[in-house]
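Please look at the following model with its strands and helices in mind. The report below describes how some of them are arranged.

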Amino acid sequence: MSVLRIEGVWKRYRDHSVLRGIDLEVAPHEVVCLIGASGSGKSTLLRCINLLETVDDGAIYLDGEEITDPRVDADAVRRRIGMVFQAYNLFPHLTVLANITLAPRKVHGVPRREAEDQARELLARFGLADKAHEYPDRLSGGQQQRVAIIRAIATKPRLLLLDEVTSALDPVLVTEVLGLVRELKESGMTMIIATHEMGFAREIADTVCFLDGGVLLERGSPDRMFTAPEHPRTRDFLRRVVDAGRL
């Protein structure tokens with residue numbers, strides 16, 4: 001069974017359709033990268049999957065359960081999905097350790113000692129063991145984003161959504177964050193990643209999806225998508241990416 005199945009999803013804001021009939025299936029342990037120009041619908045699709053936006057038509061299924069059914073408890077669904085935003089969204093008044101343990105303790109009922117032990121293990125695994133008692137404003141952007149990712153995986157989500165997690169970082173810090181995502185792939189995490197980092201998408205993705213104007217125009221393996229895309233719009237987008245030196 002697929003972890004996620006999206007069928008004919010539309011999202012509109014007044015008269016503007018941001019997503020237009022999206023179909024997508026994600027298998028266990030699969031990494032799907034969403035590529036496309038700004039405004040193509042990548043972030044909106046992730047927000048719909050996490051029920052931060054309400055779909056206007058179509059349905060989304062998590063492990064076979066329709067999560068877009070209005071009767072579904074959205075908070076219960078979000079306990080099974082981790083999401084990381086481009087702006088970190090760490091609580092500035094809490095230490096790194098408190099940020100990471102908040103959801104396991106308050107939402108999932110994990111005892112404090114157990115939650116803190118798990119958080120320390122994750123921090124050590126990803127090179128941040130010495131930052132447990134720091135506050136977010138004492139960390140670099142790359143460190144903050146790594147903490148945000150650790151916070152998202154601390155609840156052991158079924159699916160992890162990453163929304164342009166490197167867009168606010170300089171090239172050195174991008175490397176830090178992408179290294180962590182690489183490790184998550186190796187551990188078998190199921191992920192959907194919206195990204196402008198084409199080289200990274202080519203390396204890490206099992207499937208690459210090109211969105212254009214709210215339409216999932218083309219999908220395929222990284223090798224095919226980046227060397228022999230079929231749709232003219234995909235070819236034009238990747239040509240511009242190459243010309244800009246980003247692939």
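Strand 4 (residues 57–62) and strand 5 are paired in the antiparallel sense over two bridges, where strands pair if DSSP finds at least two bridges between them, and strands (E, at least two residues) and helices (H or I, at least four) are DSSP runs numbered from the N terminus. Tyrosine 61 stands opposite glutamate 66 in strand 5. Both strands belong to an open sheet of four strands in the order 2-1-4-5, with antiparallel pairing. Strand 2 (16–26) and strand 5 (65–66) each have a single partner strand and stand at the edges, so one side of each is left without a neighbour in the sheet.

The model is predicted, with local features needing pLDDT of at least 70 and side-chain atom pairs counting only at pLDDT 80 or more, while totals for chains, interfaces and linings use all residues. Residues are numbered from 1 along each chain as its sequence is written, and side-chain values use heavy atoms, leaving out hydrogens and water.

In helix 3, Val96, Leu97, Asn99, Ile100, Thr101 and Pro104 are buried, that is, under 20% relative accessible area with a 1.4 Å probe and protein chains only. These buried residues pack against helix 4 and helix 5, contact meaning heavy atoms within 4.5 Å.

| Helix | Residues |
|---|---|
| Helix 3 | 96–106 |
| Helix 4 | 112–125 |
| Helix 5 | 141–153 |
| Helix 6 | 171–186 |

The axes of helix 5 and helix 6, lines fitted to C-alpha atoms over the stretch in contact, come within 8 Å and cross at roughly 20°. Helix 5 and helix 6 are therefore roughly parallel to each other, a term for angles under 35 degrees.

Technical notes
Buried < 20%, exposed > 50% of the residue type's maximum accessible area, 1.4 Å probe, protein only. Axes fitted to C-alpha atoms, helices over the stretch in contact; angles between N-to-C directions. Parallel < 35°, antiparallel > 145°, perpendicular 65-115°, else oblique.
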